[in-house]
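Q: I have a model open and would like to talk it through before I rely on any of the details. Could you take my questions one at a time?

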Amino acid sequence: MEQLPEDLSGMGAADAKEYIFHYITTLKLTEKKYGTLKGEHEKWLARLNLAASRGAEDLAAAARGEADRIRAERDAIEAEIATLKAQIQRMRGQLSGLAARERSIDPDLLEQELLLALGHTPGEEKTPELERQFAAAEADAALEALKAKLKTDG
């Protein structure tokens, strides 16, 4: 399955921030290009009106063609801007999770992962804990027995 460009899984928080920064930079450059195209479109519409008011149909047709071409390009840029903004929003939403994953370790999850790495299956984890508890109780009992023997010998 292909990873979406706005999917930050597998990245650290610092790398993700830099990745988002590049998207924001692209967005700003695209918005600047949109502004330029908007101005160009208005210029060609004004030329179209001028040519039409003077009855120069050949100039009006050429101006209409340019205005239409620029409008199509401007509309495509506008769609790209909307896509970039949505991607940036989704990426920003993932940042807190990435930072939290770096800062904290879930001890239960870590224990499960270690047990799996050692070849234990889920559910077996209680057996080693039970063994540790019995070993501690047996050691305490042996210590008490040794203390009792020392008191009677002493």
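Q: Okay, where in the protein is confidence lowest, and where is it highest?
A: This is a predicted model, and its confidence is lowest in helix α3 (residues 107–117), at a mean of 72, and highest in helix α1 (residues 13–53), at 93.

Q: And what is the mean pLDDT of the protein?
A: The mean pLDDT of the protein is 84, with 87% of the residues reaching 70 or more. As a caution, where pLDDT is low, the predicted coordinates should not be read in detail.

Q: Let's turn to the inside: which residues have the most contacts within the largest nonpolar core?
A: That core has 22 residues, and those with the most contacts inside it are Leu8, Ile20, Ile88 and Met91. The elements that give two or more residues to this core are α1 and α2, and its largest share, eleven residues, comes from α2. In soluble globular proteins, nonpolar side chains tend to be buried together.

Q: What does isoleucine 20 touch, then?
A: Not counting residues up to four places away in sequence, isoleucine 20 touches Leu8, Ile88, Met91, Arg92 and Leu95. Leu8, Ile88 and Met91 are also listed, with Ile20 itself, among the residues with the most contacts inside the core.

Q: Switching to aromatics, how many aromatic pairs does a search of the whole structure find?
A: The search finds one aromatic pair, formed by tyrosine 19 and tyrosine 23, which is tilted, at 5.2 Å centre to centre with 55° between the planes. Both tyrosines lie in helix α1, four residues apart, about one turn of the helix.

Q: What lies over the face of tryptophan 44?
A: Arginine 47 lies over that face of tryptophan 44, at 4.6 Å from the ring centre.

Q: One more arginine: where is arginine 74, and is it buried or exposed?
A: Arginine 74 is in helix α2 (residues 57–103), and it counts as buried because its relative accessible area is 16%.

Q: Which residues is arginine 74 in contact with, leaving aside its neighbours within four places in sequence?
A: With those neighbours left aside, arginine 74 is in contact with Tyr34, Leu37, Lys38 and His41.

Methods. Residues are numbered from 1 along each chain as its sequence is written. This is a predicted model: local features need pLDDT of at least 70, side-chain atom pairs count only at pLDDT 80 or more; totals for chains, interfaces and linings use all residues. Side-chain values use heavy atoms; hydrogens and water are left out. Buried means under 20% relative accessible area, exposed over 50%, partly exposed in between (1.4 Å probe, protein chains only). Contact means heavy atoms within 4.5 Å. pLDDT is the predictor's confidence in each residue, from 0 to 100. A nonpolar core is a set of buried Ala, Val, Leu, Ile, Met, Phe, Trp, Tyr and Cys residues joined through side-chain atoms within 4.5 Å. Rings of Phe, Tyr and Trp (its six-membered ring) pair if their centres lie within 6.5 Å; planes under 30 degrees apart count as stacked, over 60 as edge-to-face and the rest as tilted. A charge sits over a ring if NZ of Lys or CZ of Arg is within 6 Å of the ring centre and within 35 degrees of the ring normal.
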